[in-house]
Amino acid sequence: MIAPSDKYAGCRIAVLGLGKSGVAAARLGRRLGAQVTVLDSGAGESLDRAAQALREESVSCVTGAAALTCQDAFDLAVLSPGIDPAWP
């Protein structure tokens, strides 16, 4: 089990993408004590299930068009490998 870390405690982390690696990154961030928000502009049943599971673990999830217009401030962003880093 990974213990909370003073380095990430209270840190606001944005995880971009709700695929397997995004879910894992979100869970790790929570275990380290961060406030985690996952953003994914996609839609669908599997994405909804993943978002609901993370919400039950105190992870905020913003999906669909709202993910593209999120104005929240973050201290750190984790880009999922499935997202092209050149995408605006």
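Select Gln 71 first, which lies in the loop between helix H3 (65-68) and strand S4 (76-79). Helices (H or I, at least four residues) and strands (E, at least two) are DSSP runs, numbered from the N terminus. The structure is a predicted model, in which local features need pLDDT of at least 70 and side-chain atom pairs count only at pLDDT 80 or more, while totals for chains, interfaces and linings use all residues. Residues are numbered from 1 along each chain as its sequence is written, and side-chain values use heavy atoms, with hydrogens and water left out.

Gln 71 counts as exposed because its relative accessibility is 73%. Here buried means under 20% relative accessible area, exposed over 50%, and partly exposed in between (1.4 Å probe, protein chains only).

Next, turn to the cysteines. How many disulfides does the structure hold? It holds zero; a disulfide is counted as a pair of cysteine sulfur atoms within 2.5 Å. Cys 11 is in no disulfide, and the nearest cysteine sulfur, that of Cys 70, is 15 Å away. Cys 11 is buried, with a relative accessible area of 12%. For Cys 70, the closest cysteine sulfur is in Cys 61, at 12 Å, which is too far for a bond. Cys 70 itself counts as partly exposed, at 25% relative accessibility.

Then select Leu 18, Ala 26, Val 36, Val 38, Leu 54 and Val 59, the residues with the most contacts inside the largest nonpolar core, which has 15 residues. Such a core is a set of buried Ala, Val, Leu, Ile, Met, Phe, Trp, Tyr and Cys residues joined through side-chain atoms within 4.5 Å. At least two residues of this core are supplied by each of strand S1 (12-16), helix H1 (20-31), strand S2 (35-40) and helix H2 (45-55). H2 gives the largest share, four residues. Centre the view on Val 59: leaving aside neighbours within four places in sequence, it is in contact (heavy atoms within 4.5 Å) with Ala 26, Arg 30, Val 36, Val 38 and Leu 54.

Finally, display H1 and select its buried residues, Gly 22, Val 23, Ala 26 and Gly 29. Seen down the axis of H1, they fall within an arc of 125 degrees, so they line one face of the helix; the arc is that of the directions from the helix axis to the C-beta atoms. These buried residues pack against S1, S2 and H2. The tour ends at Gly 33, which follows H1 and has a positive phi, near 95 degrees.
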